[in-house]
Amino acid sequence: MRFEAPIVLAILGMAAVTYATRVAGLFLAGRLALSGRARTAFEAIPAAVLVALIAPAVLTTGPAETVAALVTCVAAVRLPLLATIAIGVAAVVLLRTVMA
């Protein structure tokens with residue numbers, strides 16, 4: 001594998017921009033004076049990112065994972081986090097075994 005200067009510089013540049021945006025977000029988030037709808041939208045960002053990361057995997061891997069995700073969502077409404085995780089893992093293992 002050869003390391004060509006333009007490729008290495010492009011990778012380093014992208015890494016620097018990614019790092020800068022993350023650090024800037026941390027610094028700016030504490031300084032923003034949000035109220036009302038803006039605050040509500042800002043507080044919804046982590047959940048939206050989590051759903052955006054999980055949804056493609058849940059919907060494209062297979063029926064066992066999709067059903068297990070639904071079971072986990074129901075458990076999350078009623079149970080604490082550790083119990084929800086345990087139920088989610090157990091549901092995936094059980095459903096993969098049954099549906100395979």
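These are my notebook entries on a predicted model of one protein chain.

**Entry 1: ground rules.** I am working with a predicted model, where local features need pLDDT of at least 70, side-chain atom pairs count only at pLDDT 80 or more, and totals for chains, interfaces and linings use all residues. Residues are numbered from 1 along each chain as its sequence is written, and side-chain values use heavy atoms, with hydrogens and water left out.

**Entry 2: the fold.** I looked up the secondary structure and found 4 helices and 0 strands. Along the sequence the pattern reads α-α-α-α. Helices (H or I, at least four residues) and strands (E, at least two) are DSSP runs, numbered from the N terminus.

**Entry 3: overall dimensions.** The C-alpha atoms fill a box of roughly 50 × 50 × 20 Å along the principal axes.

**Entry 4: surface.** The chain exposes about 8300 Å², with carbon and sulfur atoms supplying 76% of it. These areas come from the Shrake-Rupley method with a 1.4 Å probe; for residues, only the protein chains shown count as cover. Buried residues make up 11% of the 100 in the chain. Buried means under 20% relative accessible area, exposed over 50%, partly exposed in between (1.4 Å probe, protein chains only).

Entry 5: Next I picked Thr 84, which lies in helix H4 (residues 81-99). Thr 84 counts as buried because its relative accessibility is 6%. Leaving aside neighbours within four places in sequence, Thr 84 is in contact (heavy atoms within 4.5 Å) with Thr 72, Ala 75, Ala 76 and Leu 79. Then I turned to Glu 65 in helix H3. Glu 65 is buried too, at a relative accessible area of 17%. Not counting residues up to four places away in sequence, Glu 65 touches Val 58 and Arg 96.

**Entry 6: the largest pocket.** I noted a volume of about 410 Å³ for the largest pocket. Of the 16 residues lining this pocket, Ile 54, Val 58, Ala 69, Thr 72 and Cys 73 are the closest to its centre. Helix H2 (37-61), helix H3 (63-78) and H4 each give two or more residues to the lining. H3 supplies the largest share, 6 residues. For the method, a pocket is an open set of points on a 1 Å grid over the protein atoms alone, where a 1.4 Å probe fits, with protein on both sides within 12 Å along at least five of seven lines; lining residues have an atom within 4 Å of a point.

Notes
Points joined across faces, edges and corners; volume = space filled by probe spheres on them.
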